[in-house]
Amino acid sequence: LKPWPFWRQQLARSADALFARDRRFAAAMAEIVPMLRALLGTDNASRSAAESSFSEARKQQPAATVAALFQAIAEPQLEEPVREQAAVLLRRECLSKLRDDGPACGGLVHGQIS
């Protein structure tokens with residue numbers, strides 16, 4: 001049996017990892033909502049900038065982006081069109097992943113959804 005300081009250190013590392021992940025997801029969520037609103041807007045320049053930002057987020061932080069889209073869909077205080085836009089982007093993201101990776105990706109996408 002390992003001494004208590006070892007386990008305390010292990011718990012601290014686990015907690016730090018969880019909090020870091022939560023901070024990444026919270027940051028992605030904070031970025032995605034204005035992006036979704038801009039995508040729904042009528043201003044072409046804002047919409048184009050939002051499309052570029054979303055594309056970059058998909059490349060840089062794919063898991064956090066997918067998680068933020070799920071979270072946006074689940075947030076009842078967001079306007080319905082914003083949640084619908086998140087659902088459209090999430091569907092597109094999942095379908096493109098399936099198309100790119102083939103059947104081997106089915107479990108991965110299912111794991112993200114579950």
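Of the 114 residues of the chain, 25% count as buried (under 20% relative accessible area; exposed means over 50%, partly exposed in between, with a 1.4 Å probe and protein chains only). The model is predicted: local features need pLDDT of at least 70, side-chain atom pairs count only at pLDDT 80 or more, and totals for chains, interfaces and linings use all residues. Residues are numbered from 1 along each chain as its sequence is written, and side-chain values use heavy atoms, with hydrogens and water left out.

Five helices and zero strands make up the secondary structure of the chain (DSSP runs numbered from the N terminus; H or I and at least four residues for helices, E and at least two for strands). The pattern along the sequence is α-α-α-α-α. Among contacts with a separation of 6 or more, 51% join residues 24 or more positions apart (contact means heavy atoms within 4.5 Å).

Helix 2 has 17 residues. From first C-alpha to last, helix 2 reaches 24 Å, close to the 24 Å expected at 1.5 Å a residue (the expected span is 1.5 Å times one less than the number of residues). Its buried residues are Ala 50, Phe 54 and Ala 57. These cover an arc of only 60° around the axis, so they lie on the same side of helix 2 (the arc is that of the directions from the helix axis to the C-beta atoms). On the other side of helix 2, Asn 44, Ala 45, Lys 59 and Gln 60 are exposed.

The axes of helix 2 (residues 44–60) and helix 3 (residues 62–74) come within 5 Å and cross at roughly 120°. Axes are lines fitted to C-alpha atoms, for helices over the stretch in contact, and angles run from 0 to 180 degrees between N-to-C directions. Helix 2 is therefore oblique to helix 3 (under 35 degrees is roughly parallel, over 145 roughly antiparallel, 65 to 115 roughly perpendicular, and the rest oblique). Helix 2 contributes Phe 54, Ala 57, Arg 58, Lys 59 and Gln 60 to the contact, and helix 3 contributes Pro 62, Thr 65 and Leu 69.

Glu 93 is placed in helix 4 (residues 80–101). Glu 93 counts as buried because its relative accessibility is 17%. Residues up to four places away in sequence aside, Glu 93 touches Arg 58 and Val 66. Val 66 lies in helix 3. Val 66 is also buried, with a relative accessible area of 12%.
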